[in-house]
Amino acid sequence: MSIQDLHKEIKRRISINEIYDRDYREHLKKKEYVKVSEDLWGMVNNLASILSLLLRGKPISDHNDMRKFIDSISSLKSEPKLKELLLSCERLHANFYHNFMDEIQLKEHIMKAEELIQLLKTYIWEKLQELQI
């Protein structure tokens, strides 16, 4: 992938992420937790794909690839809690389809998803600075 294509794809994914973030905040205010679950999963997936593009030259391809990628980042950054944070996001993703969580469970997983999102943003920013993009 050329640097121009990489830049274009990152910008596209950032734009998508901004939409997920806006929707997430609206759904959270309305306590539409099923939709919140999917918005958070969308943000995590897009941010992980941006980081994957920067590190591997390709986005996340599927759920299994997401798990393997986060495992590799966890090792690379010596940050074992990334796996736990991803597990919370996977539970939120499942909640979108099955609506099985109560509000207390949702709030716990939302906090972990927000933490993973912040960590991914930090890692992306670090890599962008390193690559001077």
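Helices α1 and α2 cross in a left-handed way, meaning the near helix is turned anticlockwise from the far one by less than a right angle. Keep in mind that this is a predicted model, where local features need pLDDT of at least 70, side-chain atom pairs count only at pLDDT 80 or more, and totals for chains, interfaces and linings use all residues. Numbering starts from 1 along each chain as its sequence is written, and side-chain values use heavy atoms, with hydrogens and water left out.

**The α1/α2 pair**
- Helix α1 (residues 3–29) packs on helix α2 (residues 33–56) at an angle of about 160 degrees, and their axes are 9 Å apart.
- The two are therefore roughly antiparallel to each other (angles over 145 degrees count as such).

**The core**
- The largest nonpolar core runs to 36 residues; such a core is a set of buried Ala, Val, Leu, Ile, Met, Phe, Trp, Tyr and Cys residues joined through side-chain atoms within 4.5 Å.
- α2 gives the most to this core, with 12 residues.
- Among those with the most contacts inside the core are Leu40, Val44 and Met66.
- Setting aside neighbours within four places in sequence, Leu40 is in contact (heavy atoms within 4.5 Å) with Tyr24, Leu92, Ile110, Ala113 and Ile117.

**Leu47**
- Leu47 sits in helix α2 and is buried, at a relative accessible area of 5% (buried means under 20%, with a 1.4 Å probe and protein chains only).
- Not counting residues up to four places away in sequence, Leu47 touches Asn17, Ile117, Leu120, Lys121 and Ile124.
- Leu47 and Leu128 lie 81 residues apart in sequence and 13 Å apart in space, C-alpha to C-alpha.

Terms used:
Axes fitted to C-alpha atoms, helices over the stretch in contact; angles between N-to-C directions. Helix = DSSP H or I, 4+ residues; strand = E, 2+ residues; numbered from the N terminus. Parallel < 35°, antiparallel > 145°, perpendicular 65-115°, else oblique. Buried < 20%, exposed > 50% of the residue type's maximum accessible area, 1.4 Å probe, protein only.
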